[in-house]
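Please look over the sequence and the fold shown below before reading on.

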Amino acid sequence: MSDILSEPMRKSFRRSPYHYHSVRQSRFSINDEASGLDEMPLMMSDEAFENDESDYETLTRARVSHRRRGLRWFLFGGWRVLCESCCDCLVRMCRRKKELKARTVWLGHPEKCEEKFPKNSIRNQKYNFFTFVPGVLYQQFKFFLNLYFLVVACSQFVPSLQIGYLYTYWAPLGFVLAVTMAREAVDEVRRHQRDKEMNSQLYSKLTPCGKVQVKSSDIQVGDLIIAEKNQRIPADMIFLRTSEKNGTCFIRTDQLDGETDWKLKVAVGCTQRLPAVGDLFSINAFVYAQKPELDIHSFEGNFTREDADPQVHESLSIENTLWASTVVASGTVIGVVIYTGKETRSVLNTSEAKNKVGLLDLELNRLTKALFFAQLVLSIVMEALLGFVGPWFRNLFRFVVLFSYIIPISLRVNLDMGKAAYGWMIMKDENIPGTVVRTSTIPEELGRLVYLLTDKTGTLTQNEMIFKRLHLGTVSYGTDTMDEIQSHVIQSYAQGPSSGGTGGSATASQKSQTPGPKVRKSVSSRIHEAVKAIALCHNVTPVYEACGETETAEAEQDFSDDNRTYQASSPDEVALVQWTQSVGLTLVNRDLASLQLKTPAGQILSFSILQIFPFTSESKRMGIIVREESTGDITFYMKGADVAMASIVQYNDWLEEECGNMAREGLRTLVVAKKSLSEEQYQDFESRYNQAKLSIHDRTLKVAAVVESLEREMELLCLTGVEDQLQADVRPTLELLRNAGIKIWMLTGDKLETATCIAKSSHLVSRNQDIHLFRPVTNRGEAHLELNAFRRKYDCALVISGDSLEVCLRYYEHEFVELACQCPAVVCCRCSPTQKAQIVTLLQQHTANRTCAIGDGGNDVSMIQAANCGIGIEGKEGKQASLAADFSITQFKHIGRLLMVHGRNSYKRSAALGQFVMHRGMIISAMQLRHHLHHVPGVLAGPGSGRETRDGAALPGALQGLDQGPLAFLQDLPDLGFG
C-alpha cells in the first residue's frame, strides 16, 4: 500500500521542479519526505498531489464545497444562501466604492483640490427615516417563527378563514413588534444624538482673515485646523505646528488602537520654524499623501515648499500624522486635513458589527418548522377524515389556523422578557462587580460554549511589566542582586564627569595597574555600558505635571522624582527606564533633538539625538543614534527580539541559550547592542538615509536597506528579562473551564517561547500534558510533513506561529482545523488581529460549535466581533474591546461565574420556559383535536349534523362553533369525558 501511494507523489514532484527543489532544500531529510508523504493527512486523497501550486490553494475549498452541494443542501437552506448571495451582489453593484487615490493637498486652500472628497461627518446609524420600518421588519420576519405568526394573523382578515377574534392574533404580534421597534428606535436615537454631538463639535479653522469656528462635519481636505489640549482630532491631519518649543506633542490613541500609552508626534520642521502662525498662508506649500490605507501604524508622504530657493522637501511618516479619534494630550496643535469622513483611518478600520443570534433562537426556529410540518400533517389527516368534501382547501387552511396553538406566539414574548431578566441578574451580581451586558439577546450563549479564544497580554496577564533579569554573558543579576548593579553604577560615575561620559575609561586605565580586581572592574565597566544603553535606547519621554506658573517653579519641577511620570508606546519601555532610575541613572528630560540623564551624583549628561529608528512588527527592533555632548562620541544603540538581533551582534555562545532559559521562566527578553561610529561614517549614512526617506516608490524597503547597512557586527551588551505577571486567579479559572469541557485557545502576538511559558504557568496546559511545537513551515511540502508528524501525536497541546498557521490554512485548511480541534489546548503566537478573527471564523464554519472570544485591547476587537459571544475586559489598553463586546467584565476570573452560573442558568431557564409554552400549546391543540374527533361521526352520517356559514356554504360539524371564539369548544368538555 505504501508503494502504491508514494509512486504518484514522486511523479508529481518530478513534474514540478519547484516543489522538488523546495522540499530538497528544506530541513527535512529525503527519507523523512518519502516516509512522511506515504501517510496522507486527514481528508486527503492521492489526486491532491497531482495539482500544481497555483491550483492547490482552492483545492480544499472546492472539495468542501463539492460535499455541501446537492438537492438536499438546496432544500435545507441552500436556497437561502443563494438568495443572500444574489442580494449581496446587487448591493455591491449598487454601492460601488469610489477608487481611493493618492492626493496633493495645498495648505489652507481646499478649493485647489481637483477631486471631490467625502464629507467629514460621522454616521453610526443602522437605518434612516425611510429604511427604519422596513429594516426592522426584515430583521424580525426573516425568521420562520415570526413569519408564521404574521401569516396566521393576516389570514384572519379573510372572513371565510376567520377562526377567532382578531385581537387574539394581532395583539401578541403587535406587542412583540412594538417592543422590538421601540428598542431599535431608542438605540437609533441614541446613535443619532452621539453622531450629532460629534459632528457639531466646534473647531478653530485658520483662514487668511484669522480664526473662524467651524463644525466638525464642515471640515474639508486642505483646511488648517487648530486642536487644543484634551480635544479630539476631527479628521486625519498632517502635524504642522505646535505650541511646544521642542516641536512635538503627545496624543492619546486609546480610542483608535486600544493602547493607553501616549504617542509622541513630531511637527513638520519647515512649518514649525515659521515665525508666526499667519505665515502658513504666506508660503506656497503642499502635502503629497498616499491613498487612504487601513494600516494605522504607517504612512508615506512628502511636504514640499515651492516658494523657497531651493525648494524644501521633507519626507513624512507616521510620526507626522494626527489620526482622527485621537486626543491631544499636550499643547496646542495645528494640522492640515488630508483625509475626511469615510477615508479616515478610524472609519476604514471600523467593521460593521453583525446581529448576533443565539443558538437557542436558531434551534427554536428549526423546531418551529418541524411543528409546522406536524401541524400541516394533522390538518390533512383531519380533512381526510372529513372526506375532502366541499371547499376542502379552505377548511384545510382553517384547520391549520385552528391548530396554531401548537406554535404559540407567547413563546417569543416570554423569552424576550426572560432574557431581559437574565441580563439584569448578571449586572446585579455582587460576586462579579462592574459587569455590563451590552447585548441582551444572547445570555444563553454563555452556557453553551465549546471554544474559548483568549488574548494573553492584559487578559491572562496584568500588562504590568517588572524588570527581573539582566544577563551580561558571564554573570546574571536577578531581583535579589540589583543592589550590586546599583553599587557598580555609583562607582563608575563617582570619579567625575569624564568617567560618566566615557563609560568606564577611567576604570580601563586602572585595570592594567593591578591584576587583582581585573575581573570585578571589567564587570563594572560592562554593567555601566549596559545600563547606559538601556537608559538611552528607547522612545520614553518624562512628563511633569505643572505645579506653578512661575519660571522658578517650572525649573524646580524639571528634576523632581516625585512629580515625574514616563510615557511610551510600550509598557516594556517604561519598565526598563524605571529600572535604570532605580539603579541610579535617571532620564530627566527629552525632546525631539536631545536627551538628558542624571547620574547618582546629580550630574546631568546631555546627548543629542541624531536619528531614531522606531520599532516595527517587521523589523522587531528599534535603534537610536546619539552624540554625547561632552566628548562628541557618536554611538548607535539597538535593542530587539533575539530572532532579529542574533544575526546582527558579534558571535557569541550564550545568547540563544539564555534567551531560551528566560523564556521558560515567562520573561519577555530584549537583546541590547551598540556600535561606535566615526563622524565620516555617520555623515555618509545620513546622506543615504535622507535620500531614501524622500523616495516616493518603495520608500520602506529603501530605508530599511540603508539602516541594515549600519546593523553589522554590533557589540552585544546585555540581555534583559521583563515579567508580565498573571491576573488574579487565572489558574483556578482556567482549570474550572477546562473541567467544564471548554477547549481554550490562546491567540497572542507575543513570541513562541514566552507564549508557551505563559501557557504552562497559567495551567492552560497541564503539567502532565505534552506540547507539540509546530515547526516553521514555508511551503506545501513542509506543511504536509509537519501535519503528518502532528497527526501521530495523541492528547497533546499545539503551539504554532502565525506564519506557519497561514501556510497551513492556505493548503490544508480543513485538515489543520480538524487536527487542532482534537487538541485539549492550542497556542497561536505571533498572530495578527486579522488572523485572530480568521481562526474564530474557521472554528465556526468547520465545527458548527459556539465560540467565545475574550480580550482587552483594540487588536482584539475583530476577534470579539467575529465570535458568537464576545467578552471584553476593561484593562490598561483602554476600553475599545469592552465597548465592542457583548459582555464587559473587569477581571478575567469573573468569566468563571459568568459562564458556569449565569450562562448555564440562563440556558436551562430559557429551555424550560420554551418547553412549557410549547407543551401548553400542544395540550390546547390536543383538546381541540379531541373535540373535533367527537364530531366526525356526525359529519360522516350526513349533512344534517352540519350548519351553514355566513356565505351559505355547509360547515362541517368538526368546525362548528369556531367562529364563536377560539375556545368555544370548552363548552362541550363534559361530553369529552374529562368532567
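The structure holds 2 cavities of 30 Å³ or more, where a cavity is a set of points, on a 1 Å grid over the protein atoms alone, at which a 1.4 Å probe fits but cannot get out. Grid points are joined across faces, edges and corners, and a volume is the space filled by probe spheres set on the points. This is a predicted model, in which local features need pLDDT of at least 70 and side-chain atom pairs count only at pLDDT 80 or more, while totals for chains, interfaces and linings use all residues. Residues are numbered from 1 along each chain as its sequence is written, and side-chain values use heavy atoms, with hydrogens and water left out.

The largest cavity contains about 50 Å³ of space, and its lining (residues with an atom within 4 Å of a point) consists of W745, L805, L809, F816, V817, I839, L842 and L843. Three helices, α29 (802-811), α30 (813-820) and α31 (833-847), each supply at least two residues of this lining, and the largest share, 3 residues, comes from α31. Helices (H or I, at least four residues) and strands (E, at least two) are DSSP runs numbered from the N terminus. The lining of the largest cavity divides into 8 nonpolar residues, with no polar and no charged ones; here Ala, Val, Leu, Ile, Met, Phe, Trp, Tyr, Cys and Pro count as nonpolar, Asp, Glu, Lys and Arg as charged, and the others, Gly among them, as polar.

The second largest cavity has a volume of about 30 Å³, and the residues that line it are Q140, N146, F149, L173, V176, L177, I409 and R412. Two or more of these residues come from each of α8 (144-155) and α9 (167-199), with α9 giving the largest share, 3 residues. How does the lining of the second largest cavity divide into nonpolar, polar and charged residues? The division is 5 nonpolar, 2 polar and 1 charged.

Turning to the strands, an open sheet of 3 strands has the order β7-β6-β12, with antiparallel pairing; two strands pair if DSSP finds at least two bridges between them. β7 (262-266) and β12 (327-328) stand at the edges, and because each has a single partner strand, one side of each is left without a neighbour in the sheet. Strand β6 (residues 248-252) is joined to β12 by 2 bridges, in the antiparallel sense, and I251 stands opposite V328 in β12.

Strand β30 (residues 825-829) has 5 of its 5 residues buried, that is, under 20% relative accessible area (1.4 Å probe, protein chains only). Both of its faces are covered, with A825, V827 and C829 buried on one side and V826 and C828 buried on the other. Strand β27 (residues 743-747) pairs with β30 in the parallel sense over 4 bridges, with M746 opposite V827. Strand β29 (residues 796-801) likewise pairs with β30 in the parallel sense over 4 bridges, and the bridge partner of V799 is V827.

The last stop is T439, in the loop between β14 (436-437) and β15 (451-454). T439 and F887 are 448 residues apart in sequence, yet 7.0 Å apart in space, C-alpha to C-alpha. Not counting residues up to four places away in sequence, T439 touches D886 and F887, where contact means heavy atoms within 4.5 Å. The side chain of T439 also makes a polar contact with the side chain of D886 (2.9 Å). Such a polar contact is a pair of N or O atoms within 3.5 Å; within protein, one must be able to donate a hydrogen and the other to accept it, and residues adjacent in sequence count only if both atoms are side-chain atoms.

How values were computed. 1 Å grid on protein atoms, 1.4 Å probe; cavity = no way out; pocket = protein on both sides within 12 Å on 5 of 7 lines; lining within 4 Å. Buried < 20%, exposed > 50% of the residue type's maximum accessible area, 1.4 Å probe, protein only.
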